Amino acid sequence: MKIGKQIFVAAMAIAACGCGKKADNPLFNEFTAPFGIAPFDEITIDDYREGMLKGMEEEKAEIEAIINNPEAPTFENTIVALDQSGKLLSKVRGTFSPISSSNSTDETRALEKEMSPLFSTHNDDINLNPELFARVKAVYDTKDQLDLTAEEKTVLENIYKSFVNSGAELNDEQKEQLRELNMEISMLQLTFSQNLLYETNNSFVVVDKLEDMAGLPQANIDAAAKMAEENGQ
């Protein structure tokens, strides 16, 4: 690892942790619960929004650092750096996803709709960036001359193919068309998933006899009874 990169990584780590101070936003702190479980009860919808926006901002800076690196593209300064970029954004989205998919509320659905076009643009800005792809391709084209492990070769091939499959080799006009399609698809997918979740959460089976629920834990039976009462059953 080059000294310049060591300094850059250290600087990013210090910025992310707030120079050792605990951030007000729980998403910017290390999750210390067993198995790294997030403190969901402490995270607000505004925390998720802030985390997503900051995550995209940080990843954009990381990508710019790769592109602007004056050194020739190498596996270390391009592929490894790219593979390790976007950690905060992945953390935030990975924390938000189980909430939005299992405990959806008006607030979470509104945030999904707000962020979906931003994510689409952010992803396209990375996948369709000609300068970034040029560095990736430069490493890929010399892969047979590099002393890479089997795992490193797999990472390199996966990243290169991901760029190609995402439209990196298209011309400018085609890229603009793809951006429009990606934006439309992202909103359609979100609308479908939200509608599906709504219908799933509002579908239930009416049981007329208590004995038909034999074997279920009492807590589940009590929850079902409460839900039935709320739905006039």
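Select helix H3 (residues 75-83) and helix H6 (residues 130-141) of this predicted model: the crossing of H3 and H6 is left-handed, that is, the near helix is turned anticlockwise from the far one by less than a right angle. Helices here are DSSP runs of H or I with at least four residues, numbered from the N terminus. H3 and H6 pack at about 120°, their axes 9 Å apart; axes are lines fitted to C-alpha atoms over the stretch in contact, and angles run from 0 to 180 degrees between N-to-C directions. Display next the contact residues (heavy atoms within 4.5 Å): Phe75, Asn77, Thr78, Ile79 and Leu82 of H3 meet Leu132, Arg135, Val136 and Val139 of H6.

Residues are numbered from 1 along each chain as its sequence is written. Local features need pLDDT of at least 70, side-chain atom pairs count only at pLDDT 80 or more, totals for chains, interfaces and linings use all residues, and side-chain values use heavy atoms, with hydrogens and water left out.

Ile63, Ile66 and Ile67 of H2 make the contact with Glu131, Leu132 and Arg135 of H6. The crossing of H2 and H6 is also left-handed.

Finally, select Arg93, Glu112, Ser116, Phe119 and Leu190, which lie nearest the centre of the second largest pocket among its 23 lining residues. Helices H4 (87-102), H5 (106-127) and H8 (172-201) each give two or more residues to this lining.

Methods
1 Å grid on protein atoms, 1.4 Å probe; cavity = no way out; pocket = protein on both sides within 12 Å on 5 of 7 lines; lining within 4 Å.
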